[in-house]
Amino acid sequence: MVKSLVYILIFPGLLFLSASGMILEYVDRKLYAKFQNRVGPPWFQPFADFIKLLAKEDIVPEEAEKKMFKSLPFFALAATVTSFVYIPIWGTNALFSFNGDVIVVLYLLSIPTLTFFLAGYSSHSLFSLVGAVRALTQFFAYEVPLFLTILSSALLAGTWSISEMSVFYNQHHWYWLFNLLGFGLAIIALLGKLEKVPFDIPEAETEVVGGTFTEYSGRLLAFFRLTIDIEVVVCAALLAAVFLPFGMDLNPVIGFVLFILKVLSIVALLSLARTVFARLRIDQMVNFSWKYIAPLSFLQLIINVILQGVIK
Amino acid sequence: MDKVVIPIGPQHPALKEPASFSVTLEGEKIVDVNLRLGYNHRGIEKACEDRTFMQDIYLLERVCGICSHSHSTCYVQAVEDLAGAEVPKRALYIRTLIGELERVHSHLLWLGVAGHEVGFDTLFMYSWRDREIVMDLFAKITGNRVNYGINTIGGVRRDISKEDVQEILKAVDTLEERTKYYIQVATQEVTLINRLSNVGKLSRADVESLGAVGPVARASGVDRDTRRDDPYAAYSEVSFKVVTVENADVYGRTLVRVGELMESYNIIRQVIKNMPDGPITVKVPRKIPEGEAFSRYEAPRGEDVHYVKSNGSDKPERVKLRAPTLANAKAVLKMLENYNLADLPIIVAAIDPCFSCTDRTISIKKLDTGSSEIMDWGSLRKYSIEWYRKRGIRF
């Protein structure tokens, strides 16, 4: 009982995730600033923002569906935090695992996007509505490539469990190199999932103000932002476990350090993309996704199917 | 989705100044736009009539924060025309120099804003960093970063020293280098080109019929530039190219502006090289002879027009100005037709709008009946006195 509570609340649960999410937000913002020739925020800025938002007044719009509006941030937070327990972070084995957990993680990670849509929809504000529709449209564009690339990596390992995938790739040392194309595609899809430039279309401030979150304020907004921070950690950890699985079988300390390095490099890639691209339009994003990213992820799938035949 | 009407403004992150676009959307597509101006009316024209010709320079300089020199020069030219003053050559050269530096900082500012509107904040940060070079230069040679206060009736107030000249040349070299880099970015960055090209099309015929001016007109292939067509200051003595492109879209407007940056560096170098020695101002009597004058000036945003009428006293009887944004406002509505909501910020930004310069009148529109009424000065004054009296404030 105590052990489970520690798992859920402290490590690797809520507290660890919140702290690492905020640290990663700082890393992202600082890198982005450095790339842009700016000074950037001090290390405690994300914490300060969070505390400030907690202290602010919660304003719930008169016309919003109040129950939905208030509960959605917590749904999103719970789903993201839950998905993390299936991802190995210090060795080849995660805290919990069963055959099929990769599917569960992917579905749990879809929930935040759906709550963003619902949050926008139940705000009953025009800007939120446009943002919500955009979030959903974008969801259909990036989700398929993301699933395909991660599943093709699972296919090569011949298992549906992230921990067993990690075991497989650590036994067959250089096999992860076959998935590099998939890794690149997954990073692009991740930009869409995390709503970062060039795919920050649902919350493009110059077009739809705050997008989905236009009407959110105070604590509710703080938890949505925390969810997004944690989503970055979980998604980066998932990508690290699936596409960069090397070195996890050595010992827990080295494994954990390697895990942190992998996550940091994925976040650095995301910041770099944020620096060098302009925001696309939603139609351009959907076109790009279905014209290039989806066919290429099918290619990765076919490569892995053939490879698996060759190996066996 | 059904048709929805989205209010972009009067307060919206895409707008730097209040203006109200009510946009009718069908999904993401814009089917109708309604523009309302007038949130920033400051009554400057009327205030000019209560001040002397000399005081009006400083008032009119504050019409716009970016093209402040444009407005003051345009006005001063009209007054000098009325007074028949022969402005010294050196003063004209200094006015040209400041005017071109102003164009540089205005276009760099625009480049950053355009980058921000399409979510390319890196370009925004870079170009605004470089804009600081010009701003610091202004602080050094005129004493101010924004409202330079360099014009006076009959010349300029400050001379340019030898050290200033060296600083300017050095700054221009740096800026030219950076601008070349921006041209490279604008012509090679795929996402940027995707967002800018074929957006906000405005055909040549539309430019002519809607009276668009400045870079907007030149991007549609209309070869029109007051600096060349009706030279003022020292422009008749420098050689430069009027940049025109045939793209007729936002991308074309970007190319025109970065092209003009390069031309401005060229003009600044020529002006500094050919600047004659001599006095910088002539004495002009305080009372300006009766008459009316009209002055044109190519501001960074397009042609700026001032009209001054004097009745022989030391105060003008009427000052009328038309800022370039007003000429382009109609064109924006045409440009927005059938594009996406996502394109709205960049299409609006592409004319480099300056709404506070534009607002000349207030017309009150009643939302329920749709009728509008225009108040003149007297009734506006009466209305405000009554408004305060009702609340128990006496004055």
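**Note on a predicted two-chain model**

1. **His124(A).** His124(A) counts as partly exposed, because 15 C-beta neighbours lie inside 10 Å. This is a predicted model, and the points below should be read that way. His124(A) sits in the loop between H5 and H6 of chain A. Its backbone deserves a look: phi is positive, about 55°, although His124(A) is not a glycine.

2. **Ala248(B).** Ala248(B) lies in the loop between helix H10 (226-229) and helix H11 (250-274) of chain B. Is Ala248(B) buried or exposed? Ala248(B) has 22 C-beta neighbours inside 10 Å, so Ala248(B) counts as buried; the cut-off for buried is 20 or more.

3. **A cis peptide bond.** Check the bond joining Val197(A) and Pro198(A). The bond is cis, with omega about 5°. Pro198(A) is in the loop between helix H8 (180-193) and helix H9 (205-208) of chain A.

4. **H4 against H5 in chain A.** Helix H4 (residues 66-84) and helix H5 (residues 101-123) of chain A pack with their axes 8 Å apart, at an angle of about 165°. H4(A) is therefore roughly antiparallel to H5(A). The crossing of H4(A) past H5(A) is left-handed. From H4(A), the residues in contact include Met68(A), Phe69(A), Leu72(A) and Phe75(A). Among their counterparts in H5(A) are Val105(A), Leu108(A), Leu109(A) and Ile111(A). By class, the contact of H4(A) with H5(A) has 13 nonpolar and six polar residues, and no charged residues.

5. **H5 against H10 in chain A.** H5(A) also packs on helix H10 (residues 218-243) of chain A, at an angle of about 155° and with the axes 11 Å apart. That angle makes H5(A) roughly antiparallel to H10(A). Here too the crossing is left-handed. H5(A) brings Val105(A), Leu109(A) and Pro112(A) to the contact. H10(A) brings Thr227(A), Glu231(A), Val234(A), Cys235(A) and Leu238(A). The classes are six nonpolar, one polar and one charged.

6. **The nonpolar core.** The largest nonpolar core has 204 residues. Which residues touch the most other members? They are Ile87(A), Ala236(A), Ala237(A), Leu239(A), Val79(B) and Ile347(B). H10(A) gives the most to this core, with 18 residues. Take Ala236(A): leaving out residues up to four places away in sequence, Ala236(A) touches Val263(A), Ile266(A) and Val267(A).

7. **A covered helix.** Helix H7 (residues 162-171) of chain A is mostly covered, with eight of its ten residues buried. The buried residues of H7(A) are Ile162(A), Ser163(A), Glu164(A), Met165(A), Ser166(A), Val167(A), Phe168(A) and Tyr169(A). What covers them? H5, helix H6 (126-157) and H10 of chain A are included in the cover.

8. **H2 against H3 in chain B.** The axes of helix H2 (residues 53-61) and helix H3 (residues 68-83) of chain B come within 8 Å and cross at roughly 155°. H2(B) is therefore roughly antiparallel to H3(B). The crossing of H2(B) past H3(B) is right-handed. Phe53(B), Asp56(B), Ile57(B), Leu60(B) and Glu61(B) in H2(B) take part. They meet Ser68(B), His71(B), Ser72(B), Tyr75(B), Val76(B) and Val79(B) in H3(B). By class, the contact of H2(B) with H3(B) has six nonpolar, three polar and two charged residues. Val79(B) is also among the residues that touch the most other members of the largest nonpolar core.

9. **Lys46(B).** Lys46(B) is in helix H1 (residues 44-48) of chain B. Lys46(B) is exposed, because 12 other C-beta atoms lie within 10 Å; the cut-off for exposed is 12 or fewer. Lys46(B) and Glu317(B) are 271 residues apart in sequence, yet 9.5 Å apart in space, C-alpha to C-alpha.

10. **Where the chains meet.** How many residues of chain B are in contact with chain A? There are 27, and they touch 24 residues of chain A. Elements of chain B that give two or more residues to this side are strand E1 (3-8), helix H4 (89-117), helix H5 (121-142), helix H7 (190-196) and helix H13 (344-349). H5(B) gives the most, with five residues. The side of chain B that touches chain A has 14 nonpolar, seven polar and six charged residues.

Note on methods. Residues numbered from 1 in each chain as written. Chains lettered and ligands numbered in written order. Predicted model: local features only at pLDDT ≥ 70, side-chain atom pairs only at ≥ 80, totals over all residues. Contact = placed C-beta atoms within 7 Å. Helix = DSSP H or I, 4+ residues; strand = E, 2+ residues; numbered from the N terminus. Nonpolar A, V, L, I, M, F, W, Y, C, P; charged D, E, K, R; others polar. Axes fitted to C-alpha atoms, helices over the stretch in contact; angles between N-to-C directions. Parallel < 35°, antiparallel > 145°, perpendicular 65-115°, else oblique. Left-handed = near helix turned anticlockwise from the far one by under 90°. Core = buried A, V, L, I, M, F, W, Y, C linked by C-beta atoms within 7 Å.
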